[in-house]
Amino acid sequence: MMLEALRSIVQAVNAAGNISEALEIMVVRVRDAMKTEVCSVYLRNPETQQLRFSANVGFNNELIGKAIIEPGQGLVGLVARREEPINVEDAYTHDKFVYVPGLGEDAYHAFLGVPIIHQREVLGVLVVQQREARRFDEDEEAFLITMSAQLAGVIAHARATGTVTEGAGSGNARFKGIAGSPGVAIGVAVAKVPTTELRAMPHRESADAAAEREMFRSCVAAVRDDMRRIGEELSGQLPPEEHALFDVYLGMLDDSMLISEVEARIAQGEWAEGAFSNVMLAHVQTFERMEDPYLKERAVDVRDLGRRVLAYMRSGDESPVTYPERAILVGEELTASMLGEIPVENLVGLVSASGSGNSHVAILARAMGIPTVMGAVDLPVTRVDGREMIVDGFGGLVYLDPSQGMQAHFEAVSAQERKISEGLETIRDLPSETLDGHPLPLWVNTGLMADVARSLDQGAEGVGLYRTEIPFLLRERFPSEEEQRVIYREQLQAFAPLPVTMRTLDVGGDKALPYFPISEENPFLGWRGIRVTLDHPEIFLGQVRAMLKASAGLDNLRLLLPMISNVEELESALILIYRCHDELIEEGIDLGPLPPIGVMVEVPSAVYQARQLARRVDFLSVGSNDLTQYLLAVDRNNSRVADLYHAYHPSVLQALQIVADGAHAEGKPVSICGEFAGDPGAVLLLMAMGYDMLSMNANSLLRIKSVIRGVKLTDAQRILEIALQLESSAQVQELLRGELADAGFDNLLRTAYSPLVSA
Ligand code: PEP
Ligand code: MG
């Protein structure tokens with residue numbers, strides 16, 4: 001069966017130790033599966049566009065790595081140039097056919113070549129050939145195309161890691177990701193070890209082989225005891241075949257070969273988890289390759305056994321005790337709740353192989369001022385631990401084992417960045433208003449206690465968004481009402497008398513509480529924000545009570561409701577809030593009047609009901625992060641579509657104008673608290689649209705203030721008028737770039753976090 005063959009080839013290719021082995025496995029297995037005589041891979045050099053004969057079965061192998069095909073030359077060159085398959089019955093009769101001497105191609109007539117494409121770039125060509133003149137059928141063509149799409153990922157990965165010479169550069173392995181938080185970090189990678197997955201275990205050196213060996217032995221012994229115990233408990237309850245499994249497990253654990261293979265690796269300085277995972281994976285693969293279906297199935301058992309042992313190994317210490325002084329946390333999927341794992345004074349950078357610039361972990365990183373790259377899909381996370389690394393949070397790039405020249409370059413970039421920040425400090429206490437006297441107050445977004453000092457330090461006039469889920473994320477259970485009251489009080493007190501806008505719990509999407517997991521097919525279209533808390537009024541009521549109590553005597557609280565998509569949700573939430581307020585007064589708590597209540601406009605339906613919503617509350621606040629994702633149907637957390645996420649999209653701009661007009665028609669103020677507010681170009685548009693206040697992360701504040709203080713409202717209005725006529729994000733971007741440069745802000749374009757930079 002084709003699908004079965006495909007799966008098993010992909011598995012084998014992925015398990016290969018290096019790229020040449022992977023290509024080797026690939027060509028042999030593809031040839032066998034398709035019953036052809038020849039299979040080859042040609043890899044393209046990105047600089048010269050030449051195609052190198054890189055792996056083959058069936059031809060003269062001596063030319064592997066040597067034979068070169070010029071761009072556009074022959075059928076192979078044509079496949080690469082056209083970016084589509086070529087399937088010919090007899091290659092000799094094709095007018096593009098070129099004879100490569102010495103290859104041994106003479107005898108082969110049927111030719112099918114497909115391009116290997118990764119993220120729109122042609123990496124090479126995969127070819128099968130056969131003596132008999134015949135046309136490969138549709139199924140065969142589909143199979144080869146599927147194969148090549150899978151191979152593309154493997155090659156891109158290898159190229160990025162420098163294990164393939166084609167265009168790998170000069171030893172500075174470079175990985176492209178998405179700018180997550182601006183700045184440059186130079187440090188040492190610490191791989192986040194997430195699970196008991198054999199495959200995810202990073203390579204790491206150990207300092208004490210004897211201790212590692214001891215630990216390994218005791219974990220094996222523990223699993224052996226477990227197996228024996230479970231086996232005994234279940235004896236008589238399981239059919240004999242099933243029960244025999246326990247003996248198989250015990251047999252494997254007693255296998256001195258397996259144990260000594262692991263111990264040999266440990267003796268060579270590898271840590272026990274890594275050594276064990278490697279050995280087990282090799283065994284899993286041996287079983288997977290077996291033809292006999294029964295034996296093949298045993299791969300599952302070996303893997304399971306591996307996980308059990310690993311679970312014991314990982315249960316001791318979750319993470320290294322000592323961190324490098326300049327640690328860069330690297331993970332397959334970093335989340336907001338992982339940020340607390342490294343002491344903040346050691347943490348200089350973050351790299352996540354998945355996610356995008358609008359993922360919550362990136363937003364948090366920006367608030368903390370930690371340079372971050374997201375969506376570095378090709379980074380070999382398990383191989384980077386302990387290696388030198390540079391995170392370029394401006395360009396969204398990661399460098400592994402950087403040269404001295406590269407380090408010097410980034411140190412200079414860093415110094416320049418510091419200079420700009422220092423220069424901005426002079427405007428800290430000056431008003432946020434335009435040259436023609438139009439005030440545009442700047443507030444901050446917070447979530448961590450650490451934000452408070454930084455925010456006050458930057459001259460914030462209030463908190464426009466306190467993300468209450470962050471203190472929730474950093475815990476092991478829901479905080480009690482009293483625990484919450486203390487947290488909120490601290491926040492309110494720190495800013496009093498300045499207003500603090502507290503958002504009710506906004507979990508779901510990419511923010512899962514460790515103790516309240518939500519598993520859904522489409523989390524961003526699912527149970528999130530107000531939908532969760534209306535279904536759990538006990539959580540909502542507890543939170544609102546804690547907020548109201550915390551505000552007693554300070555009276556600087558504002559309440560904000562996330563993810564409102566219709567009027568009913570708002571009314572239900574309002575009823576609960578009024579109830580809390582009444583109850584607390586009945587309980588004798590000395591509360592002031594109800595705090596101002598606002599609605600977040602972050603769902604398209606709320607845009608078109610801005611007036612109806614505004615009528616029922618005191619203010620509106622646009623969550624542009626979600627609004628952009630929902631208007632453009634681009635998952636904010638998916639690196640694959642990150643370059644479609646454009647807050648400058650004309651549709652987003654129109655929506656923002658509708659919301660501002662809707663709120664004002666009801667006489668209510670409107671603000672924006674998404675990341676767009678911290679974008680230097682966006683500020684020009686937002687002030688002209690009539691936004692009454694902008695709320696952003698503390699690190700953007702002075703940059704934005706400098707833009708506001710450097711322009712006139714009348715200029716902004718002129719720019720908005722042009723912008724609203726444009727038809728694409730690229731045009732809007734170009735317009736704003738030009739205007740900012742004319743106004744003397746080209747420096748900011750490089751160092752601010754902005755769709756201008758990251759798109
Ligand atoms: C938003 O969606 O723009 C917003 C401010 O909320 P969050 O990023 O926390 O979803
Ligand atoms: Mg949101």
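The model is a predicted one, and its secondary structure comes to 27 helices and 22 strands. Along its principal axes the C-alpha trace spans about 85 × 70 × 50 Å. A compact globule with 759 residues would have a radius of gyration near 27 Å, and the value of 30 Å for this protein agrees with that. Of the 759 residues, 54% count as buried, while the accessible surface comes to about 31,800 Å², with 51% of it belonging to carbon and sulfur atoms. When contacts between residues at least 6 apart in sequence are considered, 65% of them join residues at least 24 apart.

Side chains of opposite charge can pair when their charged atoms come close. In this protein the count comes to 33 salt bridges. One of them joins E481 and R545, whose closest N and O atoms are 3.1 Å apart; because E481 lies in helix α14 and R545 in helix α16, the pair ties together parts that are 64 residues apart in sequence. E481 is partly exposed, with a relative accessible area of 25%, whereas R545, at 13% relative accessibility, counts as buried.

Another salt bridge links R611 to E666, with the closest N and O atoms 2.8 Å apart. Here R611 belongs to helix α19 and E666 to the loop between α21 and β21, so this pair ties together parts that are 55 residues apart in sequence. R611 counts as partly exposed, at 39% relative accessibility. Salt bridges can also be linked in a network, as they are for E469, R503, D506, K511, R528, D626 and R636.

The side chain of K705 does reach the backbone oxygen of L430, at 2.7 Å. Leaving aside residues up to four places away in sequence, K705 touches I427, R428, D429, L430, P431, S432 and L442.

Key: Residues numbered from 1 in each chain as written. Chains lettered and ligands numbered in written order. Predicted model: local features only at pLDDT ≥ 70, side-chain atom pairs only at ≥ 80, totals over all residues. Heavy atoms only, no water. Polar contact = N/O pair within 3.5 Å; in protein donor to acceptor, adjacent residues only side chain to side chain. Contact = heavy atoms within 4.5 Å. Helix = DSSP H or I, 4+ residues; strand = E, 2+ residues; numbered from the N terminus. Rg over C-alpha atoms; globule rule 2.2 N^0.38 Å. Buried < 20%, exposed > 50% of the residue type's maximum accessible area, 1.4 Å probe, protein only. Areas by Shrake-Rupley, 256 points an atom, 1.4 Å probe, with all protein chains shown as cover. Salt bridge = Lys/Arg side-chain N within 4 Å of Asp/Glu carboxyl O.
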